[in-house]
Amino acid sequence: MPDSGTLPRSEDQLATEHFDVLIVGAGISGVGSAYHLIHQCPGISFVVLEAQDSFGGTWLTHKYPGIRSDSDLHTFGYRFKPWTSAPIATAEEIRRYMGEVIEENDLARHIRYRHSITAASWSSADKRWTVEATNTATGQPVRITCGFLWMCQGYYRHSEGYLPQWEGMESFKGTLVHAQTWPEDLDYAGKRVIVIGSGASAATIVPAMAPTAGHVTMLQRSPTYFRSGRNAIEIAEELRRLQIPEEWIHEITRRKILFEQDMFTRRTFQEPEKVREELLADVQQRLGPDYDVTTHFTPRYRPWQQRLAFVPDGDLFEGIRSGKASVVTDEIERFDEMGIQLKSGRHLEADIIVAATGFNLCMLGDIAISVDGRAMNFADTVTYRGTMFTGIPNMAWVFGYFRASWTLRTDLVADFVCRLLNHMRAIGARQVEVALRPEDRDMKLLPWIDDENFNPGYMMRGMHLLPKRGEKREWSHTQDYWKEKDEFPAIDLNGAEFRYS
Ligand SMILES: Cc1cc2nc3c(=O)[nH]c(=O)nc-3n(C[C@H](O)[C@H](O)[C@H](O)COP(=O)(O)OP(=O)(O)OC[C@H]3O[C@@H](n4cnc5c(N)ncnc54)[C@H](O)[C@@H]3O)c2cc1C
């Protein structure tokens, strides 16, 4: 991938480079947003700044064994580019797909890698952002101005994962690794491995390591819901047999998946007990009648109150059935030289301990944001549809869905941002800000997400960092794709919540 911007520049040059739009991040959101800008806002100038040395974001950062999506790629893929392989994809396949989007749309010339943004300040007088970055290849500072900041930096810190601190960790004589910073040369052949955690990452790592390792123990404090199924979608296979064009297959398969996901999500609210029973019955059937599903696979929360991980072809359960992997549900008391002492009194010995303990939520890519010389505290703002924020002009953030594929929202938000940019051009506005209307003045302000609705650990740990939400739909990230897909295109850009100047 060509890398422009690695040459040192003088202060003068730094200060003069200007773009209409600056996209932060070349993950699946940043690349998708760049595609939409080119196609929906012809003639607009833009640049994508990415801290890492290539595109992919999540799919570049994570390198643990077996790394794969747990969403199907018909909906995790963009609506504009058909996905033509098995629905659950490896990180490598996702990056290949993104690479094709970059190549087919000549996006490479707009992307600058190894550009880590540290600060962005808005000037209402100049109607522009001044963005400060470091070219990590040369150590040189880079300054770019832009009219609009499109935040596609994701929601967690890429440099390091979340590692709880347990007593005695330093005394462990084996190797301790975090799933997010995987040493690619780690040799685990024949080794005793403990994987701490039971989220989607642990459920991927355990079956991927099990055939090679001596034994893999998944150590969890509390269980997670899993759904299993064939890594194939019948309707896509059938349409392919009929030699239907891939564009049609993509669209039809997306619609079918979205329809079924909607039904399933509704059922988790309407009849959570029934859904719980079905999920657990499937696990029991996969693990055999004698397996203790109550202890190891029965979560304390309602299905979909936390992410529900998909296990393609039931490989996690295969690993357990084969005896190469096992599950321990217990709490860690402390680490010691040989492994982990559990609160129950049991001791687990290990050569390698893998912390699949999640990530650190991080706001706006750790970029210090200021508006007219005033440092912004993101948590003091109120969100407009989880995309714009009161008090921060000319900025939009792509924050995807939890219960549906993230990328569905990348496409939706992109349509909205492009429409907004075109509208501003048409009315001659250079600044747009969202603000509460008189009728919103008494609206109750609440945390970003209702923990009754969705409450994974990383969100609960970082809720105080996130903007507020209002009681009204338009002042919240509803997490409801099925409504937003109609609401977003219908947004009235002349509404009183938009202030232009
Ligand atoms: C292991 C894992 C598996 C997942 N699987 C799924 C799944 O199957 N389905 C699903 O819907 N979601 C999944 N998610 C959620 C996932 O993060 C999103 O789906 C999606 O990949 C996020 O894309 P993004 O482009 O918005 O952000 P990211 O992938 O986080 O990319 C953001 C990019 O911005 C860059 N960046 C950040 N800050 C700066 C800065 N200051 N300066 C310059 N660049 C910066 C980063 O380097 C990164 O490349 C998963 C998450 C993880 C961690």
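User: Which residues of α6 are buried in this predicted model?

Analyst: The buried residues of α6 are Ala200, Ser201, Ala202, Ala203, Thr204, Ile205, Val206, Pro207 and Met209. The model is predicted.

User: What makes helix α6 count as largely enclosed?

Analyst: The share of buried residues does. Nine of the 10 residues in α6 (residues 200-209) are buried, so the rest of the structure largely encloses this helix.

User: Why is valine 24 called buried?

Analyst: The cut-off for buried is 20 or more other C-beta atoms within 10 Å. Valine 24 has 29 C-beta neighbours inside 10 Å, so it counts as buried. Valine 24 sits in strand β1.

User: Which residues does valine 24 touch, leaving out those up to four places away in sequence?

Analyst: Valine 24 touches Leu49, Ile117, Leu149, Trp150, Met151, Cys152, Gln153 and Gly365. For a distance across the chain, take valine 24 and glycine 154. They are 130 residues apart in sequence, and their C-alpha atoms are separated by 9.3 Å.

User: Why is tyrosine 78 called buried although it is in a loop?

Analyst: The label rests on the neighbour count. Tyrosine 78 has 23 other C-beta atoms within 10 Å, and 20 or more are needed, so it is buried. The loop in question runs between α4 (73-76) and α5 (91-104).

User: What does tyrosine 78 touch beyond four places in sequence?

Analyst: Tyrosine 78 touches Gly32, Val101, Thr407 and Asp411.

User: How far apart are arginine 441 and tryptophan 248?

Analyst: C-alpha to C-alpha, arginine 441 and tryptophan 248 are 47 Å apart in space. In sequence they are 193 residues apart.

User: Why is arginine 114 called partly exposed?

Analyst: Arginine 114 has 19 other C-beta atoms within 10 Å. Buried needs 20 or more and exposed needs 12 or fewer, so a residue in between is partly exposed. Arginine 114 is in the loop between β3 (111-112) and β4. Its phi is near 55 degrees, a positive value in a residue other than glycine.

User: Is asparagine 394 buried or exposed, and how do you know?

Analyst: Asparagine 394 is buried, because 25 other C-beta atoms lie within 10 Å and the cut-off is 20. Asparagine 394 lies in the loop between β22 (388-389) and β23 (395-397). It is not a glycine, yet its phi is positive, about 45 degrees.

User: What makes α2 mostly covered?

Analyst: In α2, 10 of the 13 residues are buried. Among them are Ile28, Val31, Tyr35, His36 and Leu37. The cover over these buried residues includes β1 (18-24), β2 (46-49), α5, β6 (140-151) and α12 (406-427).

User: How do you know that the length of α2 is close to the expected value?

Analyst: α2 reaches 18 Å from its first C-alpha to its last. At 1.5 Å a residue, 18 Å is expected for its 13 residues.

User: Which helix gives the largest share of the shell around the ligand?

Analyst: α2 (28-40) does, with three residues. α2 and β4 (115-123) each supply at least two residues of that shell. In total 33 residues surround the ligand, and the closest are Gly25, Gly27, Gly57, Gly154 and Gly365.

User: What is the make-up of that shell by class?

Analyst: The shell has 12 nonpolar, 18 polar and three charged residues. Gly counts among the polar residues here.

User: How is the chain divided into domains?

Analyst: Domain 1 covers 4-159 + 361-500, and domain 2 covers 178-355. Their contact takes 25 residues from domain 1 and 32 residues from domain 2. The domain 1 side divides into 13 nonpolar, seven polar and five charged residues. The C-alpha centres of the two domains lie 30 Å apart.

User: What is the mean pLDDT, and where is it below 50?

Analyst: The mean pLDDT of the protein chain is 94, and 97% of its residues reach 70 or more. Over residues 1-12 the pLDDT is below 50. That stretch has 20 contacts in the model beyond near neighbours in sequence. Where pLDDT is low, predicted coordinates should not be read in detail.

How values were computed: Residues numbered from 1 in each chain as written. Predicted model: local features only at pLDDT ≥ 70, side-chain atom pairs only at ≥ 80, totals over all residues. Domains from an automatic or database assignment. Contact = placed C-beta atoms within 7 Å. Helix = DSSP H or I, 4+ residues; strand = E, 2+ residues; numbered from the N terminus. Near = placed C-beta within 6 Å. Expected span 1.5 Å × (residues − 1). pLDDT = per-residue confidence, 0-100.
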